[in-house]
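Here are my notes on this one, as numbered points.

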Amino acid sequence: MTYLYVALGLVALLLVVAFGCFWLTFYNPTLTDKRRAAQQFPPGRVYQPYHGVLRRWTEELDATPYEPMEVTTPDGLTLRGRYYELTPDTPVEILFHGYRGFSERDMAGALERCRAVGHSLLLVDQRAHGRSDGHVITFGAREKEDVFLWLEAAHKKWGERPTMIGGVSMGCTTVLLAAGEGLPERVFAVLADCGYTNAKDIICKVIRQLHLPAWLLYPLVRLGAVLYGGFDPNRVDAVVAVARCAVPVIFYHGDADDFVPYEMGRINFEACAAPKRFVNIPGAGHGLCYPADKERYVSELKAFLAQHESAETKQ
């Protein structure tokens with residue numbers, strides 16, 4: 001009996017530790033307006049030089065008229081977005097933010113950038129983020145399915161209006177995963193800004209960055225995701241997805257990114273089977289490619305779109 005009790009105790013300890021790993025990695029509490037305001041600017045020295053422009057962009061987003069949009073997921077969550085129309089006949093971009101972020105922070109410059117290339121904008125709060133429902137972040141496992149819900153909502157609203165999807169950080173990997181599943185024909189391009197290769201690699205990278213043993217902790221993180229989140233992070237792999245991608249993709253990555261390594265962006269780019277372009281923004285930190293060099297970001301995107309937008313899109 002002693003051995004049985006010891007075994008049960010070890011199992012209980014394992015489950016508790018796995019839950020703690022799940023809570024720290026995948027659980028996101030509800031973001032109240034007060035907490036959202038407190039987190040308006042990303043922490044860290046790399047972001048401090050951009051707080052002024054981020055504040056201006058955020059104020060412009062709030063001051064610009066928009067139409068609220070919603071979708072409901074198969075697991076009962078309401079996801080929320082904000083649509084900013086340039087003109088009724090312009091292509092629409094649907095953009096997805098990053099891990100533990102929200103649309104008006106991570107994508108604050110998106111309205112300015114979309115106007116620069118003549119696109120309307122649908123900004124989405126991903127599940128478990130911002131004003132959307134949910135608490136479990138799945139690093140793209142379920143988020144990629146939500147991309148198709150937004151595409152369906154856009155189709156119901158605008159018909160065959162040309163559409164581009166894009167994202168930054170986890171949002172980038174989310175759209176790359178969706179691109180590997182086969183996108184509707186009206187989706188003419190994907191914008192992939194500083195995404196990671198797969199969930200395992202980025203989680204292990206962060207664990208090692210904390211000076212902890214990834215070989216020991218990652219299996220517990222994975223166990224927590226499977227038991228308490230209902231998904232397997234080992235199945236979240238953008239490298240595999242982009243090898244099946246048929247839609248043109250423009251990749252951006254800053255070579256000073258200390259969160260999602262620059263090399264991950266290159267790996268995704270090299271694996272992509274679709275027409276593609278890679279843009280390195282020298283000195284840009286994580287998620288800062290556009291504010292670090294707006295002129296080059298836009299010029300590269302315009303050149304890419306000139307190559308790959310359909311004749312219908314250009315009308």
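1. Which residues in H5 meet which residues in H13? On the H5 side they are Glu112, Arg113, Ala116 and Val117, and on the H13 side Lys294, Tyr297, Val298, Leu301, Lys302 and Leu305. Contact here means heavy atoms within 4.5 Å. By class, this contact has 6 nonpolar, no polar and 4 charged residues. The classes are simple: Ala, Val, Leu, Ile, Met, Phe, Trp, Tyr, Cys and Pro are nonpolar, Asp, Glu, Lys and Arg are charged, and the others, Gly among them, are polar.

2. Some housekeeping before going further. This is a predicted model, in which local features need pLDDT of at least 70 and side-chain atom pairs count only at pLDDT 80 or more, while totals for chains, interfaces and linings use all residues. Residues are numbered from 1 along each chain as its sequence is written, and side-chain values use heavy atoms, with hydrogens and water left out. Helices (H or I, at least four residues) and strands (E, at least two) are DSSP runs numbered from the N terminus.

3. Back to that helix pair. H5 and H13 (residues 294–308) pack with their axes 10 Å apart, at an angle of about 45°. Axes are lines fitted to C-alpha atoms, for helices over the stretch in contact, and angles run from 0 to 180 degrees between N-to-C directions.

4. Next, look at H8 and H9. Their axes are 10 Å apart and the packing angle is about 130°, which makes H8 oblique to H9. The crossing of H8 and H9 is right-handed. From H8 come Lys200, Ile203, Cys204, Ile207 and Arg208, which meet Ala214, Leu217, Tyr218 and Val221 in H9. That contact splits into 7 nonpolar, no polar and 2 charged residues.

5. H6 (residues 143–158) and H7 cross at roughly 75°, and their axes come within 8 Å. H6 and H7 are therefore roughly perpendicular to each other. In H6, Glu143, Lys144, Val147 and Phe148 meet Met170, Thr174, Leu177 and Ala178 of H7. By class there are 5 nonpolar, 1 polar and 2 charged residues in this contact.

6. Now the pockets. On a 1 Å grid over the protein atoms alone, a pocket is an open set of points with protein on both sides within 12 Å along at least five of seven lines, a cavity is a set where a 1.4 Å probe fits but cannot get out, and lining residues have an atom within 4 Å of a point. Grid points are joined across faces, edges and corners, and a volume is the space filled by probe spheres set on the points. The largest pocket holds about 840 Å³ of space. It is lined by 34 residues, with Pro42, Tyr47, Asp106, His286 and Gly287 closest to its centre. H12 gives the most to this lining, with 3 residues. The lining counts 19 nonpolar, 8 polar and 7 charged residues.

7. The second largest pocket takes us back to H8. About 440 Å³ of space lies in this pocket, and its lining has 18 residues, with Thr25, Ile203, Val206, Ile207 and Leu210 nearest the centre. H1 (2–26), H8 and H9 (214–229) each give two or more residues to the lining, and H8 gives the most, with 5. The classes here are 14 nonpolar, 3 polar and 1 charged.

Definitions and conventions:
Parallel < 35°, antiparallel > 145°, perpendicular 65-115°, else oblique. Left-handed = near helix turned anticlockwise from the far one by under 90°.
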